[in-house]
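Please read them with the coordinates open beside the text.

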Amino acid sequence: MHSVRWKQAVEWLAAAATDPQECKRQWDRGQGTALLAAGRYWDVLSVPDRLGLLALDLLWQDPLELPGPTLVDVTARRVGFFLPTDPGSEWVGFGVRHVSRDSWVAVPPPYRPAGRLEWLVPPDGNGTLHAAEPLERALRRATGTLAVLAPVSADPAVADRW
């Protein structure tokens, strides 16, 4: 059963490639990543890693809202949330990037990390994505939490006075 799920996830993710067979070959050889077209089946909301990891943790707290595919780039220190396509949407925030139509995303296979890219939540093969509203709520809460913590940790001189 587990291998069927991974196969479905591979097929679902590779469908976003211009050549799905070549995509799967790239995952099995070479760098282990493939460039996939955003805006076709999904968009990606890329945020700084501290914000993204905290938001993902908040999303896990709601048993009714299971998180969709979430990718981390450990070198760039960014988290990418895969969500339904919406080229007209505007995501605003410090360091927030909405990747949609006419953009490409480097993606590892759903069954293993590749270099600096790793799935925090791999695709399930059924097309499950993050819902925009719960993701926005989690990002807002995470931003508020980080805003409270940032003044203390941002200035070492202030931290030394305590």
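1. In what follows, buried means under 20% relative accessible area, exposed means over 50%, and partly exposed is in between, with a 1.4 Å probe and protein chains only. Helices (H or I, at least four residues) and strands (E, at least two) are DSSP runs, numbered from the N terminus. In helix α3, the buried residues are Asp49, Leu51, Gly52, Ala55, Leu56, Leu58 and Leu59. The expected span of a helix is 1.5 Å times one less than its number of residues, so the 12 residues of α3 (residues 49-60) should span 16 Å, and this agrees with the 16 Å between its end C-alpha atoms.

2. This is a predicted model, in which local features need pLDDT of at least 70 and side-chain atom pairs count only at pLDDT 80 or more, whereas totals for chains, interfaces and linings use all residues. Residues are numbered from 1 along each chain as its sequence is written, and side-chain values use heavy atoms, with hydrogens and water left out.

3. On confidence, pLDDT is the predictor's confidence in each residue, from 0 to 100; its mean for the protein is 87, and 90% of the residues reach 70 or more. The pLDDT is below 50 over residues 155-162, a stretch that has one contact in the model beyond near neighbours in sequence, where contact means heavy atoms within 4.5 Å. Where pLDDT is low, the predicted coordinates should not be read in detail.

4. Tryptophan 42 deserves a separate look. Leaving out residues up to four places away in sequence, Trp42 touches Trp12, Leu13, Ala16, Leu36, Ala37, Phe82, Leu83, Thr85, Val105 and Leu129. Both Trp42 and Phe82 are buried.

5. Rings of Phe, Tyr and Trp (its six-membered ring) pair if their centres lie within 6.5 Å, and planes under 30 degrees apart count as stacked, over 60 as edge-to-face and the rest as tilted. By this rule there are two aromatic pairs. The pair of Trp42 and Phe82 is tilted, at 4.7 Å centre to centre and with 55 degrees between the planes. Because Trp42 lies in the loop between β1 and β2 (43-48) and Phe82 in strand β4 (residues 78-83), this pair ties together parts that are 40 residues apart in sequence. The rings of Phe82 and Trp119 have centres 5.3 Å apart and planes at 50 degrees, so this pair is tilted. Phe82 in β4 and Trp119 in strand β7 (residues 117-121) are 37 residues apart, and the pair links distant parts of the chain. Phe82 and Trp119 are both buried, and ring pairs link Trp42, Phe82 and Trp119 into a cluster.

6. Lysine 24, in helix α2, counts as buried at 15% relative accessibility, and touches Val10, Glu11 and Ala14, not counting residues up to four places away in sequence. Arginine 78, in strand β4, counts as buried at 12% relative accessibility. The C-alpha atoms of Arg78 and Pro48 are separated by 4.5 Å, although these residues are 30 residues apart along the chain. Beyond its neighbours within four places in sequence, Arg78 is in contact with residues including Ser46, Asp49, Leu71, Asp73, Gly95 and Arg97.

7. Arginine 77, in the loop between β3 and β4, has a positive phi near 60 degrees in a residue other than glycine. Aspartate 102, in the loop between β5 (97-99) and β6, likewise has a positive phi, of about 65 degrees, although it is not a glycine. Asp102 is exposed, with a relative accessible area of 74%.
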